[in-house]
Amino acid sequence: MTETTFSETLPAESTTGTVRAQRRAGVILAVLSAQFMTVIMLAAAMVPGYDFGASAISDLGVFPESAWLFNASLVLVGLLNVAGGYYYYRVHGKRWLFGVFALAGLGAVVAGAVPLDAGDLHSLGALFAFLFFNVQAIGVGTQVRGAMRYASVLAGIVGIAFLGIMIVGDAGNPAVFGAINHGGAERMIVYPAMLWLVAFGGYLLGRGESTTVA
């Protein structure tokens, strides 16, 4: 007995072009996350005394040692997310979900193009990215099945929960951060979504390798 092994959203008459789009989405989304997580690590190592707990991730876009690297990486995150979302749209055909990918990507581009010390537009872009990258994970969870569905929804819920914590803490209630402080809370918004993107990218690549299994 056989079963389809692409993304479960593919119709029976899937074309070679659709399979190719799925693979491209997988590569782009995995690269997006891998490069950003690597850059965050390298940028933090480049700044003497960088405090993971007290400092925001976006502070890496202000320090002269790391600003160019971090900001360029963040803009690349946004562009790749839109591109990956477009190729994934060619698989599932849901415009609303592509819209979520586009909003998340736009937020990242704005946050990277306008550093933290350059005005309020950075904060707005970061908020869009924080929110919509996690909504994106939950949205994908409506299109897939099995373990990837649970992983997608869980990643999105964790990120949105910590976004709420960060908003409350920054509004004058820092006690809500607990031991992880602002920097830790912010990373709990970003890291689950980024790790999920690596997993989802691999999932799409694996589903595109063959059409059936025994």
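In which helix does Ala-126 lie? Ala-126 lies in helix H4, where helices (H or I, at least four residues) and strands (E, at least two) are DSSP runs numbered from the N terminus. The model is a predicted one, in which local features need pLDDT of at least 70 and side-chain atom pairs count only at pLDDT 80 or more, while totals for chains, interfaces and linings use all residues. Residues are numbered from 1 along each chain as its sequence is written, and side-chain values use heavy atoms, with hydrogens and water left out.

The protein chain contains six helices and two strands. In sequence order, these elements give the pattern β-α-α-α-α-α-α-β. The radius of gyration, taken over C-alpha atoms, is compared with a globule rule of 2.2 Å times the number of residues to the power 0.38. For 214 residues, a compact globule would have a radius of gyration near 17 Å, and the 18 Å of the protein chain agrees with this. Along the principal axes, the C-alpha atoms of the chain fill a box of roughly 60 × 30 × 30 Å.

Burial was assigned from relative accessible area: buried means under 20%, exposed over 50%, and partly exposed in between (1.4 Å probe, protein chains only). By this criterion, 47% of the 214 residues of the protein chain count as buried. The accessible surface of the chain comes to about 9900 Å², and 68% of that surface belongs to carbon and sulfur atoms. These areas come from the Shrake-Rupley method with a 1.4 Å probe, and for residues only the protein chains shown count as cover.

A contact is defined by heavy atoms within 4.5 Å. Among the contacts in the protein chain with a separation of 6 or more, 69% are between residues 24 or more positions apart. The chain carries 10 positive and 11 negative side chains, and the centres of the two sets lie 19 Å apart. In this count Lys and Arg are positive and Asp and Glu are negative, whereas His and the chain ends are not counted. Each charge is placed at NZ of Lys, CZ of Arg, CG of Asp or CD of Glu.

Apart from residues up to four places away in sequence, Ala-126 touches Gly-107 and Ala-111. Asn-173 is 47 residues from Ala-126 along the chain, and the C-alpha atoms of the two are separated by 20 Å. Asn-134 is also found in helix H4, which spans residues 120–141. With a relative accessibility of 1%, Asn-134 counts as buried. Its side chain reaches the backbone oxygen of Phe-130 at 2.7 Å. A polar contact is a pair of N or O atoms within 3.5 Å; within protein, one must be able to donate a hydrogen and the other to accept it, and residues adjacent in sequence count only if both atoms are side-chain atoms. Beyond its neighbours within four places in sequence, Asn-134 is in contact with Ala-155, Gly-156, Gly-159, Ile-160, Ile-189 and Ala-193.

Val-114 is found in the loop between helix H3 (95–113) and H4. Its relative accessible area of 17% makes Val-114 buried. Val-114 touches Leu-121 and His-122 when residues up to four places away in sequence are not counted. Between Val-114 and Gly-183 there are 69 residues in sequence and 20 Å in space, C-alpha to C-alpha.

Ile-180 is found in the loop between helix H5 (146–170) and H6. At 38% relative accessibility, this residue counts as partly exposed. The C-alpha atoms of Ile-180 and Gly-53 are separated by 5.9 Å, although the two residues are 127 apart along the chain. Gly-53 is also one of the contacts of Ile-180, together with Phe-162 and Ala-185, once neighbours within four places in sequence are left aside. Asn-181 is found in helix H6 (residues 181–207). Asn-181 is not a glycine, yet it has a positive phi of about 60°. With a relative accessible area of 35%, Asn-181 is partly exposed.
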